Amino acid sequence: MTPDAFRAVASRLAGGVVVVTAVRRGVAHAATVSSVVSVSLEPPLLLFCVHADARLRDVLDDVDAWAVSVLRDDQVDVAEWLASPGRPAVGQLERVPHRAAPVSGAPWVDGAAAWFDCRTEAVHAAGDHDVVVGRVLVASEGAPDGGALIHLRGRLRGVR
């Protein structure tokens, strides 16, 4: 199985698009993620996958609290910006309206479909990515009429 062949087939798996954020030494870091899963109700756990070389992954070595914003169908620009290579490490959220999550203090993206505030329970190496499992400390829903942003076949798509 080649990486290109695997990518082509795996692109058929629709995935919800979220922004994961954390704050280290007063600087907010963020990344767009499409590999996020609810894991358990008791205790409430979710996981996301992050490239082992990503800046956010380095931040998670220093902090154990982070936040997730589940993007709405109309937040493609936020997802694309926070997935763009070469964006600045400092100030990357200046163009994204946000507020501090209640426990972690990490940014929650305004207007999202839902939010989670989490604490790391475990990190597992998995190939070129790491799987980060977090205990959900706070969860909140956005407006009931909002859709979702998904990643399918290499494109971001809004669904309602």
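Modeller: Let's take the sheet, then a helix, then a hairpin. Keep in mind that this is a predicted model.

Colleague: Fine. In what order do the strands of the open sheet run?

Modeller: The order is 3-2-6-9-10-5-4. That is seven strands, with antiparallel pairing.

Colleague: And which strands stand at the edges?

Modeller: Strand 3 and strand 4 (36–40). Each has a single partner strand, so one side of each has no neighbour in the sheet. On average, neighbouring strands here are turned by 35° against each other, direction ignored.

Colleague: How many bridges join strand 2 to strand 6?

Modeller: Four, and the two strands run antiparallel.

Colleague: Switching to helix 2. Which of its residues are buried?

Modeller: Leu56, Arg57, Val59 and Leu60, within a helix spanning residues 55–62. They sit on the same side of helix 2, because their arc around the axis is only 155°.

Colleague: What covers them?

Modeller: The cover includes strand 2 (18–24), strand 3 (27–33), strand 5 (45–51), strand 6 (65–70), strand 9 (114–126) and strand 10 (129–141). Helix 2 lies across those strands, at about 45° to strand 2.

Colleague: Last one. What do strand 11 and strand 12 form?

Modeller: A hairpin, with two residues between the strands. Arg153 in the turn has a positive phi of about 55°. Strand 11 (residues 148–152) and strand 12 (residues 155–159) pair antiparallel over five bridges. Among the paired residues, Ile150 has Arg157 in strand 12 as its bridge partner.

Technical notes:
Residues numbered from 1 in each chain as written. Predicted model: local features only at pLDDT ≥ 70, side-chain atom pairs only at ≥ 80, totals over all residues. Heavy atoms only, no water. Buried < 20%, exposed > 50% of the residue type's maximum accessible area, 1.4 Å probe, protein only. Arc of directions from axis to C-beta. Contact = heavy atoms within 4.5 Å. Pairing = 2+ DSSP bridges. Axes fitted to C-alpha atoms, helices over the stretch in contact; angles between N-to-C directions.
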